Amino acid sequence: MENIITIKAFEDNYIWLIKDSQSQHCIIIDPGDAAPVLEMLENQQLIVDAILLTHHHYDHIAGVEALLSVLDEEISIYSKNKLFDRCRLINDGDSLSFFDARLSLRVMDVPGHTLDHVAFYNERLLFCGDTLFSGGCGRVFEGSYEQMFAALSRLALLPENTKVYCAHEYTQNNLIFAHHIEPKNKALLNYIQQVSKKRQQGQPTIPSTIGLEKAINPFLRCEQLTVINKLQSHLGKALNDPLSCFSALRKYKDNF
């Protein structure tokens, strides 16, 4: 089993480092800041094989050039668009293999937050950037609400025990809104207590799981009557389908 290391960056970013189980080789996901990555590499004497980028926002890619300038290895960069000269372009359904095929990750297009957003996943792990957060989802900046809803719906189809590695520690703030939407959701109330304890101890709340998110995350619960009724009460009008519910929910959260 590979070892997944959490690297904190900026105020609330997470950079993910996946270390091979049988060597000192690793891959890095969304290095927005080079300094904490280089420190981790030096401390653990790691060799970087590849950099995976979920999308083009500064806080996910700003450390790439500095990493390449310091590290001697031939490092491949995988992204949807050619963000750097060395990028290998990837598409929905592609399979990437690392560490002599001990780790495989598939590519899923998840536009909405940005048009170039992708997620990397297998049967146990999901690295979803800014598409799905614990208790929430990313803002819709470049894509459409329909695209974002479709992306989240695809992620929700992954096995429930899939670990969700998102790129920000937004959980507590997200749960305030989730509780406002579903104040009687017992799974949510229990999770709020768990998250509060972790944050008091300075621990990350990530990873989550797909199963947990389907139980507590309103953006994955747009077919639930509790969510629909809350939004209809807020808007004073009927919502006729899950996409309308999602769009209203995302707009509500934007101004909450």
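Visitor: How do you know at what angle helix α5 and helix α6 cross?

Guide: In this predicted model, the axes of helix α5 (residues 171–181) and helix α6 (residues 186–200) come within 10 Å and cross at roughly 155°.

Visitor: Why are α5 and α6 called roughly antiparallel to each other?

Guide: An angle over 145 degrees counts as roughly antiparallel, and the crossing angle here is roughly 155°, therefore α5 and α6 are described as roughly antiparallel to each other. The crossing of these two helices, α5 and α6, is left-handed.

Visitor: What makes the contact of α5 with α6, residue by residue?

Guide: On the α5 side the contact is made by Thr 171, Gln 172, Leu 175, Ala 178 and His 179, while α6 contributes Leu 188, Leu 189, Tyr 191, Ile 192, Val 195, Ser 196 and Arg 199. Divided by residue class, the contact of α5 with α6 holds 7 nonpolar, 4 polar and 1 charged.

Visitor: Which residues of α5 and α9 meet?

Guide: Asn 173, Asn 174, Phe 177, His 180 and Ile 181 in α5 meet Leu 249, Tyr 252 and Lys 253 in α9, and the residues of this contact of α5 with α9 divide into 4 nonpolar, 3 polar and 1 charged.

Visitor: How do you know whether the radius of gyration of the chain agrees with that of a compact globule?

Guide: For 256 residues, a compact globule would have a radius of gyration near 18 Å, and the chain has 18 Å, so the value agrees with the rule. Along its principal axes, the C-alpha trace of the chain spans about 60 × 40 × 30 Å. The chain has 9 helices and 14 strands, and buried residues make up 52% of its 256 residues. Among the contacts in the chain with a separation of 6 or more, 60% are accounted for by residues 24 or more positions apart.

Visitor: Why is His 60 called buried?

Guide: Buried means a relative accessible area under 20%, and His 60 has 0%, so His 60 is classed as buried. His 60 has its place in helix α2 (residues 58–61), and, leaving aside its neighbours within four places in sequence, His 60 is in contact with Asn 13, Asp 30, Pro 31, Gly 32, Leu 53, Thr 54, His 55, Asp 130, Ala 167 and His 168.

Visitor: Why does Ser 76 count as buried, given a relative accessibility of 14%?

Guide: The value of 14% is under the cut-off of 20%, and therefore Ser 76 counts as buried. Ser 76 is found in strand β5 (residues 76–79), and, not counting residues up to four places away in sequence, Ser 76 touches Asp 49, Ala 50, Ile 51 and Arg 88. Asp 49 and Ser 76 are 27 residues apart along the chain, with their C-alpha atoms separated by 6.8 Å.

Visitor: What makes Arg 124 count as partly exposed?

Guide: Partly exposed lies between buried, under 20%, and exposed, over 50%, so Arg 124, at 26% relative accessibility, counts as partly exposed. Arg 124 has its place in the loop between β9 (118–121) and β10 (125–129), where, not counting residues up to four places away in sequence, Arg 124 touches Met 1, Glu 2, Asn 161, Thr 162 and Lys 163.

Terms used
Residues are numbered from 1 along each chain as its sequence is written. This is a predicted model: local features need pLDDT of at least 70, side-chain atom pairs count only at pLDDT 80 or more; totals for chains, interfaces and linings use all residues. Side-chain values use heavy atoms; hydrogens and water are left out. Axes are lines fitted to C-alpha atoms, for helices over the stretch in contact, and angles run from 0 to 180 degrees between N-to-C directions. Helices (H or I, at least four residues) and strands (E, at least two) are DSSP runs, numbered from the N terminus. Angles under 35 degrees count as roughly parallel, over 145 as roughly antiparallel, 65 to 115 as roughly perpendicular and the rest as oblique. A crossing is left-handed if the near helix is turned anticlockwise from the far one by less than a right angle, and right-handed if clockwise. Contact means heavy atoms within 4.5 Å. Ala, Val, Leu, Ile, Met, Phe, Trp, Tyr, Cys and Pro count as nonpolar, Asp, Glu, Lys and Arg as charged, and the others, Gly among them, as polar. The radius of gyration is taken over C-alpha atoms; the globule rule is 2.2 Å times the number of residues to the power 0.38. Buried means under 20% relative accessible area, exposed over 50%, partly exposed in between (1.4 Å probe, protein chains only).
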